[in-house]
Amino acid sequence: RLNHIRHLTTTGPNLFEQAAALIQKADALLITAGAGMGVDSGLPDFRGKEGFWKAYPPLKEFGLAFHQMANPRWFQDDPELAWGFYGHRLHLYRKTVPHRGFEILLKIMSKKQQGGFVFTSNVDGQFQKAGYSEDIMLECHGSIHHMQCTNFRGRCDSDVWSAEKIDVEVDHSTLLAPPPHPICSSCKDLSRPNILMFNDTYWHRSRTSEQEQRYHKWLKDLKSTSSKIAIVELGAGTAIPTVRFQGEGVCYSHKDNASLIRINSVDNHISKLLPGGPHIS
């Protein structure tokens with residue numbers, strides 16, 4: 001192969017060997033993960049309306065797609081439906097056991113000279129459940145395992161808090177959660193998960209901002225030492241491309257010191273214009 005060819009499109013065992021070699025040579029490992037990462041643990045990926053309705057049949061009767069249901073207005077308009085949806089997800093994520101891939105990646109990361117980081121749009125907390133430290137996590141859409149007041153930016157100045165003691169009773173046949181619902185300990189208004197929802201101007205981003213600061217410092221340190229980064233992207237689609245853009249952005253900023261390994265059964269294209277490399281999909 002010519003040295004200037006940066007994208008490997010071979011198939012079969014050789015492709016896996018090349019990916020393994022890139023990871024082995026890297027000084028640091030960046031894991032970027034979308035909803036597809038949790039599928040092998042039994043979690044739904046909400047791919048399309050039908051995929052979402054298969055996971056939540058009652059919402060098909062209402063004709064509500066994921067982007068319509070994942071909206072903070074429901075906490076005001078219909079708290080029973082809002083907490084039915086998020087309460088069900090909270091129970092689901094709590095009982096789900098992360099698949100072995102989480103453990104394998106953590107072992108690889110622990111051996112890297114410059115360590116590693118996780119950038120994920122998933123709100124399920126599966127990485128932490130698999131043993132990843134909070135210090136190396138950036139959950140760009142927040143976490144269902146943390147709470148905030150619905151009156152944030154109103155008269156309440158409470159911060160984000162843990163959902164560890166939250167227990168919501170949900171009627172699975174209707175996906176409704178009867179009161180009482182979780183409330184803010186400061187102002188006693190209704191609380192909600194600390195998740196960035198659609199059309200959400202009230203998301204409390206203090207926790208995620210702290211994660212961003214640690215993440216950007218880590219990247220800055222890697223760049224100052226010209227460290228090589230292997231970016232392993234897992235199950236990140238194009239519908240909401242935040243995770244894909246993050247890995248590609250690191251390639252642009254770190255250029256020849258960054259390689260992207262895109263693992264996706266459907267959306268696996270990598271632009272030939274992407275700097276750095278070699279890249280594998």
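**Strands, pairing and cores**

Author: C149 stands opposite S191 in β7. This is a predicted model, in which local features need pLDDT of at least 70 and side-chain atom pairs count only at pLDDT 80 or more, while totals for chains, interfaces and linings use all residues. Residues are numbered from 1 along each chain as its sequence is written, and side-chain values use heavy atoms, with hydrogens and water left out.

Reader: How do you know that β5 and β7 are paired strands?

Author: Strands are DSSP runs of E with at least two residues, helices are runs of H or I with at least four, and both are numbered from the N terminus. Two strands pair if DSSP finds at least two bridges between them; β5 (residues 142–149) and β7 are joined by 5 bridges and run antiparallel, so the pair meets that definition.

Reader: What makes β6 and β7 edge strands?

Author: The open sheet has the order β6-β5-β7, with antiparallel pairing. Because β6 (161–162) and β7 (191–195) each have a single partner strand, one side of each is left without a neighbour in the sheet.

Reader: Why is β8 called largely enclosed?

Author: Buried means under 20% relative accessible area, against over 50% for exposed and partly exposed in between, with a 1.4 Å probe and protein chains only. In β8 (residues 229–234), 6 of the 6 residues are buried, so the strand is largely enclosed by the rest of the structure. Both of its faces are covered, with I229, I231 and E233 buried on one side and A230, V232 and L234 on the other.

Reader: Which strands does β8 pair with, and how do they run?

Author: Strand β2 (residues 28–33) is joined to β8 by 6 bridges and runs parallel to it, with I231 in β8 as the bridge partner of L30. Another 6 bridges join β8 to β9 (residues 258–263), again in parallel, and A230 stands opposite S259 in β9.

Reader: What makes L30 and I31 members of a nonpolar core?

Author: Such a core is a set of buried Ala, Val, Leu, Ile, Met, Phe, Trp, Tyr and Cys residues joined through side-chain atoms within 4.5 Å. L30 and I31 lie in β2, where 6 of the 6 residues are buried, and they are among the residues that touch the most other members of the largest core, which has 42 residues. A second, separate core of 31 residues includes L43, W74, F85 and L175.
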